[in-house]
Amino acid sequence: MTETIGFIGLGNMGSPMAINLLKAGYNMRVYNRDLSKTQTLVDAGAKRGVRPSDVVEHGGIVITMLANDEALEAVTLGIDGILTHLSPGGIHISMSTVSPDLARKMQKLHEQQGCHYVAAPVFGRPEAAAARQLWIAEAGHPEAKKRVRPILDALGQGIFDFGEEAANANVVKISGNFLLASAMEAMGEAFTLGEKNGVERTKMYELFTQTLFACPAYKSYGKRIAEKNFEPVGFTMQLALKDINLVLDSAKEVVSPMPLASHLSNRLLSGIARGRSDRDWSELSRGVLDDAGIE
Ligand code: NAD
């Protein structure tokens, strides 16, 4: 396999994903805003770029895994951005969780330049990324999706196709994070109700996750919430607030009220106000404990 992939954004998720592509035999060029984060990849055989455009070739493939809309815009459209270097025929696989609005704008701009934008946001924490266990929602031009399929296969355990409108994959992604945060809030409230009545949180967790809620989301996040142990940090409160606010923006746009999302946004904001911005998002359940007067 000789295709060279450009990879931009070597944070908690991007680093293990890029490592897996190297292991799968792809040649890689990598860029990260903080260049020191490229060292692990360079040691593993990747070439380092000092600006985003360095990792892109005409007609090639570039993957972005960045924090938010602002970062994706800066890397794609800013000075030394990737878009102008990608065409003609290149493909940008955008794997960050960004707004459906930005995905629409990006898809249009890429098409105007004669290249393609494939949205491929992921479900799964950094451990899942390292173990190639991500679930991927993809959307974009059919030919482009066909070309990038082996790359996505090397990153995850399954791909779900949501058609040609890139934004739809992002709608699915933020909806999934809304479901996860709702489950965490619900578990936080249920376990705290138990605790205040003298019932052991972990016993409740056992019953629920062995019976009616025997699914990965409840099992993994429920354990943290039942045990009040939020380590290690995989996905931060700060990024979670970004996603829930993307849900609210999108809901406003299509006039579809989401009162639970408003509650979650406030819950995360209050955790951040208490200094938990870089803590794991499962710690949003500490807000329930705070409200209930439990240390
Ligand atoms: P991270 O904070 O660890 O990494 C973010 C990356 O974005 C870094 O490489 C940083 O250098 C880069 N970046 C930030 N602002 C930038 C800017 N203005 N210009 C250029 N680069 C910039 O985040 P992460 O946990 O790796 O998440 C990356 C994306 O994946 C996010 O959109 C997140 O919502 C999504 N995601 C995360 C998880 C998770 O569990 N961590 C799971 C699924 C999806």
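**View 1. Helices α8 and α11 cross in a left-handed sense.** In this predicted model, α8 spans residues 166-196 and α11 spans residues 237-253. Helices (H or I, at least four residues) and strands (E, at least two) are DSSP runs, numbered from the N terminus. A crossing is left-handed if the near helix is turned anticlockwise from the far one by less than a right angle, and right-handed if clockwise. The two helices pack at about 120 degrees, with axes 9 Å apart. Axes are lines fitted to C-alpha atoms, for helices over the stretch in contact, and angles run from 0 to 180 degrees between N-to-C directions. The pair is therefore oblique: angles under 35 degrees count as roughly parallel, over 145 as roughly antiparallel, 65 to 115 as roughly perpendicular and the rest as oblique. On α8, the contact uses Ile174, Asn177, Phe178 and Ala181; on α11, it uses Asp243, Ile244, Leu246, Val247 and Ser250. Contact means heavy atoms within 4.5 Å.

**View 2. An open sheet of 6 strands has parallel pairing.** The strand order is β3-β2-β1-β4-β5-β6. At the edges, β3 (47-48) and β6 (116-119) each pair on one side only. Two strands pair if DSSP finds at least two bridges between them. Between β1 (residues 4-8) and β4 (residues 61-64) there are 4 bridges. Here isoleucine 5 stands opposite isoleucine 61. Helix α1 (residues 14-23) lies across β1, β2 and β4, at about 170 degrees to β1.

**View 3. An open sheet of 3 strands has mixed pairing.** The order is β7-β8-β9. Both β7 (122-123) and β9 (156-161) are edge strands with a single partner, so one side of each has no neighbour in the sheet. Strand β8 (residues 134-138) runs parallel to β9, joined by 5 bridges. Alanine 137 has phenylalanine 160 of β9 as its bridge partner. Helix α7 (residues 142-153) packs on this sheet and touches β8 and β9; its direction makes about 155 degrees with that of β9.

**View 4. Alanine 292 lies in the segment after α13 (286-291).** Alanine 292 touches Thr192 and Lys196, leaving aside residues up to four places away in sequence. Its C-alpha atom is 19 Å from that of tyrosine 205, which is 87 residues away along the chain.

**Notes.** Residues are numbered from 1 along each chain as its sequence is written. Local features need pLDDT of at least 70, side-chain atom pairs count only at pLDDT 80 or more, totals for chains, interfaces and linings use all residues, and side-chain values use heavy atoms, without hydrogens and water.
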